[in-house]
Amino acid sequence: MRGGFSVLILLLSVSWRLPAQEADTLSAASVLSVRERPVLRPSEEVRLDAQVAVPLQVADVLSRFTGVQVKDYGGLGGLKTVNVRSLGSEHVGVFLDGIQIDNAQNMQVDLGRFSTDGLQSVSLYNGQKTGRLQTAKEYASGAAVYLRSERLAHPDGSGGILRLRGGYPGMVNPSVRWDKDLLPGLTLRTSAEFIYGDGRYRYPYYDTTLVRENGDIKSLRAEVMLLGAHSGGDWRLHIYSYGSERGFPGPVIRRALGFPFSAERQTDQDLFVQGGWRQEWSRRYATAIRMKYANNYTHYCTHAEKDPMAFPYDLHYRQHSGYFSLAQSLTLTEVWSVDLSTDLQCNALDSDAGQFVTPRRLTFTGALATRLVWEKFRFAAHVAYLGAWDVFKTPDAGGWSRQNTWRDAWMPSVSLSWWPLPFLEVAAFCKRTFRLPSFNDLYYSLMGNSSLDPESAFQCGGEVRFAREWGRWSFEARVSPYFNRVAGKIVAIPTASQFRWTMLNVGLADITGLDLKAGAGWSSGDWDLRLTGRYCFQQALDHSARGSRTYGNQIPYIPRHSGSVSLLVRWRRWSLGWDSVFTGERWSRTANIPDYHIAPWSVTDISLERRILLPRFAHRTAQPSLVAAVRCTNLFNCRYEIVQGYPMPGLGATASVTFAW
């Protein structure tokens with residue numbers, strides 16, 4: 001513990017002294033050359049158009065990425081988490097405008113709560129993002145998903161988007177967004193979205209067909225953003241509010257008293273306020289300050305009076321989180337820069353679950369990074385330190401250790417890239433990451449396992465990218481082999497509910513994989529065509545105990561083979577999209593036996609859009625537009641499960657109308 005506090009004092013002292021560096025004497029062009037050239041590019045990135053019928057949720061975008069598995073429990077109300085290269089969702093940082101969306105209670109980020117409305121891009125980094133002024137948490141993440149808010153330039157000083165979506169199974173989804181330039185360099189954005197879904201869809205049940213019950217959801221999201229820009233910097237303030245009431249349909253298992261039934265309900269009320277300020281003090285030195293406060297409330301009830309077989313639970317959770325980050329960047333020469341980031345976060349959780357444990361966690365994360373950028377070769381390295389102090393109290397010991405605990409870890413990383421030819425890039429990275437058990441893992445026997453060990457991961461990977469254009473044709477290809485070793489891997493296994501889990505330490509998992517991506521495009525006049533194929537091989541094996549029955553078996557929910565094919569055809573103001581996703585066989589337990597086997601599946605979605613330009617309003621220069629779209633999901637009505645016991649919806653259709661002005 002002394003070592004951790006020594007590192008804290010050292011990093012803070014260095015942070016205090018850095019602003020005293022001498023002023024830069026380099027030219028602006030020289031400084032920009034090292035600032036704007038990342039060492040590793042995103043593994044996948046999708047840029048979004050605000051004025052078209054974009055996918056409903058971020059999870060829909062990520063499910064098409066190579067090496068990504070989105071766990072989905074069915075319907076709009078089902079939990080949706082992301083797993084990248086078999087690391088688990090807890091190793092995947094989800095960042096909104098550079099600030100992490102996290103949850104100390106269970107470390108699960110439900111991507112179903114976040115819409116792509118108002119986002120400019122969704123990016124995935126399997127290695128290490130190497131931009132300037134990153135937070136220390138970004139350096140400490142095994143993989144990272146970046147959600148970047150869009151900043152529109154309205155010629156008339158204001159504009160908005162009104163969208164209405166609806167379809168089968170029963171869903172209604174209106175949303176609205178409005179931007180207003182208050183002052184030069186100051187923009188106000190407000191948005192709101194409502195979702196209602198009844199969650200009723202048919203699924204096979206042994207020798208009959210049933211309708212999924214208790215899968216409904218009602219949710220409301222409201223956001224306000226202030227975006228400011230000034231000489232040498234910018235700032236933003238973001239207020240986010242989300243409330244939902246949903247049912248958990250439960251797993252489909254044969255019951256002695258009849259058909260499967262669940263009366264479990266969950267209510268969520270989430271609020272966060274986050275902001276950031278970025279300033280270029282000189283051509284050499286820049287800082288970024290980011291802050292966040294989050295307040296999350298969850299109420300879970302089994303309604304045993306409706307379901308006599310359910311355990312009678314009526315639980316309430318309230319989580320508070322405060323976060324502060326200071327990032328500093330110093331450009332030493334035209335090719336060399338150094339960054340120092342220090343983060344401090346405090347989490348508190350109050351609950352009436354279990355033995356009324358009230359855990360508190362203070363976490364410090366620091367990172368020292370450097371970059372060397374030449375024309376054809378780039379190099380980056382950093383070392384991150386994570387230290388966490390847990391304290392908790394309870395009126396009853398509850399059968400496990402009451403000792404307050406300090407946990408810490410060092411996380412080094414090295415990455416490089418090389419351009420032997422203008423159209424050919426070779427990159428590689430190697431890093432170590434570390435993740436703490438969540439509060440549920442440690443302190444609530446209902447959810448977790450109080451004897452869990454922390455989980456650490458060693459990652460290394462390479463990448464070869466090819467991109468070339470010949471006349472109207474464009475081609476790209478990417479080959480990415482990788483190896484991950486996860487020690488003390490924590491695996492979450494759902495029990496009789498999406499709310500209750502069994503947490504297990506696998507011990508040691510070795511993951512060997514290969515990502516392939518190839519695409520071709522053709523453009524001529526009014527026509528624009530794009531075809532993209534993706535394939536992922538993952539061999540994620542349990543190597544915990546040699547000679548055991550599960551040694552060498554594939555770990556739960558990881559397919560050896562998966563992939564997708566996407567086709568996009570644009571003609572004038574028409575757009576046709578085709579997406580097919582394939583996932584190979586999997587197992588729901590480390591014991592790879594027939595009882596736990598999950599069959600492979602393939603799902604195809606198709607969409608058609610038409611944009612109509614409308615007459616201009618009086619005294620406005622911007623031309624409004626109307627976009628009508630229809631989308632058919634699971635076109636061939638495939639019966640499949642992503643999580644064992646949770647059947648996914650079959651054939652579905654939605655229609656949307658978007659008015660932008």
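A salt bridge here is a side-chain nitrogen of Lys or Arg within 4 Å of a carboxyl oxygen of Asp or Glu, and this structure holds 34 of them. The model is predicted, so local features need pLDDT of at least 70, side-chain atom pairs count only at pLDDT 80 or more, and totals for chains, interfaces and linings use all residues. Residues are numbered from 1 along each chain as its sequence is written, and side-chain values use heavy atoms, leaving out hydrogens and water.

**Salt bridges**
- Let's start with a network: salt bridges link Glu44, Glu463, Arg465, Arg478, Lys517 and Arg534.
- Within it, the side chains of Glu463 and Arg465 meet at 2.6 Å, N to O, and both residues are buried (buried is under 20% relative accessible area, exposed is over 50%, and partly exposed is in between, with a 1.4 Å probe and protein chains only).
- Asp179 and Arg177 form a salt bridge at 4.0 Å, N to O, and these two are buried as well.
- Glu280 pairs with Arg278, with 2.9 Å between the closest N and O atoms; Glu280 counts as buried because its relative accessibility is 17%, while Arg278, at 30%, is partly exposed.

**An open sheet**
- Five strands make up an open sheet in the order 1-6-7-4-5, with mixed pairing (strands are DSSP runs of E, at least two residues, and helices are runs of H or I, at least four, numbered from the N terminus; two strands pair if DSSP finds at least two bridges between them).
- Strand 1 (44-47) and strand 5 (99-101) sit at the edges, each pairing on one side only.
- Strand 1 runs antiparallel to strand 6 (residues 119-125), joined over four bridges; Glu45 has Ser123 of strand 6 as its bridge partner.

**The largest nonpolar core**
- This core has 28 residues, and Leu62, Val68, Val122, Val145 and Leu147 touch the most other members (a nonpolar core is a set of buried Ala, Val, Leu, Ile, Met, Phe, Trp, Tyr and Cys residues joined through side-chain atoms within 4.5 Å).
- Helix 3 supplies the largest share of the core, four residues.
- Leaving aside residues up to four places away in sequence, Val145 touches several residues, including Leu62, Val92, Val122 and Leu124 (contact means heavy atoms within 4.5 Å).

**A buried serine**
- Ser219 lies in strand 13 (residues 217-230) and counts as buried because its relative accessibility is 5%.
- Not counting residues up to four places away in sequence, Ser219 touches Glu193, Phe194, Ile195, Tyr242, Gly243 and Ser244.
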